[in-house]
Amino acid sequence: MKVIIIGGGKTLYFLCRRFTAKGYEVVIVNRKRDECVQLARQLAVTVVCGDGSDEAILLEAGAMSADAVLSITPYDQDNLVICQLASIQFGVPRAIALANDPENAEIFQKLGVSAFSTTDIVGSLIEERAFLEQIVNLLPVGEGRVNVTEIVLEADSPVAGKFLKDIVLPENALVAVIIRNNQPIVPRGPNQLLAGDRVVLITLPENHGPVMEVFTGDGK
Amino acid sequence: MKNSLYIVIVGCGRLGAHLANQLSLDGHSVLVIDADEDAFQQLSPAFSGFHIVGDVTQKAVLEEARLKEADVFFATAREDNVNLMVAQVARKLLDVPKVLARIFDPRREQVYAKLGIETICPTSVAAEKFLLAVAELRPGRGEGAS
């Protein structure tokens, strides 16, 4: 797997460390000469100094044989153009742009470029944790396609005192384990949920919100 | 076609300001956007249009400019990539009928022609004029075949 990453700063540095640890071949493109020198010293990667939205620089970085291009500069216009060049001129199979302005994520998608917004991702993580105080643990597994969430049932939970078979859950969700007095129980229909139970839930990102509502109630 | 067009210009540098002044004089409704407040000093006293201080790579600024209602959109910001981005938004997402972007790098011009974005490259335009001057001086040689 060969990945070209355009950008700088700590995010880039730690991403590169993660990718190289997985055995990926990483090439960094950065405009600033001194940052390039630093990166080349700290990481086992190839560093190309230049403007990533310049075709010649992308060529030098090996765009012809790259499996993915990840553009994470602080400038949305550069991220868009870099990804468009990578896919149009070099046929890179995956070009992903950071949208610094969250509204640009949608715009980039409409223009045919995969995009993500760190603000959106971090924001929703914080909201999930802050709004639902009962959540003690949230663990994405299967590359983020499945969530394992541990919550504590409050006395005012709509499901406290109910039998599992009477609780209507959205599709593709599961109560995996109930921990009561430090005893794990793998529940079946006749099991009852009680206030104070720690409940481990399996959800998907698309039904996570509705499932949480079932267990914690509306609004909060 | 309407007599007076709504024209949005991004970038109030030499080119943007010149276009804005001229088009305003011609009776069109002109709006200029630039991130730098001082840039608007280049607008002539006769300029009767509007201006917005803002970063055009933010959707909110383009919405404030009512770009969706524009008949013509010119992207003349200093950075090629800014022009390429907003020109695509104007043409592809907001359906502005006439969109033109100034691009300094001739290589990028070809790429964006593929994406259906009309561009003007000052280097290419100037080079053409220079070469034409040479060709006119020595008739026949510029054509090769004749």
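**View 1. The open sheet of chain B.** In this predicted model, 6 strands of chain B form an open sheet with parallel pairing, in the order S3-S2-S1-S4-S5-S6. Strands here are DSSP runs (E) of at least two residues and helices are DSSP runs (H or I) of at least four residues, both numbered from the N terminus. Two strands pair if DSSP finds at least two bridges between them. In general, strands of a sheet pair through backbone hydrogen bonds, either parallel or antiparallel. Which strands sit at the edges of this sheet? They are S3 and S6 (119-120) of chain B, each of which pairs on one side only.

A word on reading the labels: residues are numbered from 1 along each chain as its sequence is written, while chains are lettered from A and ligands are numbered from 1 in the order in which they are written. As this is a predicted model, local features need pLDDT of at least 70 and side-chain atom pairs count only at pLDDT 80 or more, whereas totals for chains, interfaces and linings use all residues.

**View 2. Strand S2 of chain B and its two partners.** Follow S2 (residues 29-34) of chain B and you meet a partner on each side: S1 (residues 6-10) of chain B is joined to S2(B) by 5 bridges and runs parallel to S2(B), and S3 (residues 50-53) of chain B pairs with S2(B) in the parallel sense over 4 bridges. To find your way, look for B:Tyr6, which stands opposite B:Ser29 in S2(B), and for B:Val32, which stands opposite B:His51 in S3(B). Why is S2(B) described as largely enclosed by the rest of the structure? Because 5 of its 6 residues are buried. A residue is buried if 20 or more other C-beta atoms lie within 10 Å of its own, exposed if 12 or fewer, and partly exposed in between, with C-beta atoms placed from the backbone.

**View 3. A β-α-β unit in chain B.** S1(B), helix H1 (residues 14-25) of chain B and S2(B) make a right-handed β-α-β unit. The crossover is called right-handed if, with the strands pointing away from the viewer, the path from the first strand over the helix to the second runs clockwise.

**View 4. Helix H3 of chain B.** H3 (residues 80-93) of chain B has 14 residues and reaches 19 Å from its first C-alpha to its last, close to the 20 Å expected at 1.5 Å a residue. That expected span is 1.5 Å times one less than the number of residues in the helix. Because 12 of the 14 residues of H3(B) are buried, the helix is largely enclosed by the rest of the structure. Among the buried ones are B:Asp80, B:Leu84, B:Met85, B:Val89 and B:Arg91. After H3(B) comes B:Asp95, whose phi is positive, near 60°.

**View 5. Where chain B touches chain A.** Here 15 residues of chain B are in contact with 16 residues of chain A. Two residues are in contact if their C-beta atoms, placed from the backbone, lie within 7 Å. On the chain B side, H3 and helix H4 (106-114) each supply at least two residues, and H3(B) gives the most, with 8 residues. The residues of this side divide into 6 nonpolar, 4 polar and 5 charged. In this grouping, Ala, Val, Leu, Ile, Met, Phe, Trp, Tyr, Cys and Pro count as nonpolar, Asp, Glu, Lys and Arg as charged, and the others, Gly among them, as polar.

View 6. Is A:Ile6 buried or exposed? With 30 C-beta neighbours inside 10 Å, A:Ile6 counts as buried. A:Ile6 is found in strand S1 (residues 2-6) of chain A, and its contacts beyond four places in sequence include A:Val29, A:Gly52 and A:Ile72. A:Gly112, in the loop between helix H5 (102-110) and strand S6 (114-116) of chain A, has 14 C-beta neighbours inside 10 Å and so counts as partly exposed.
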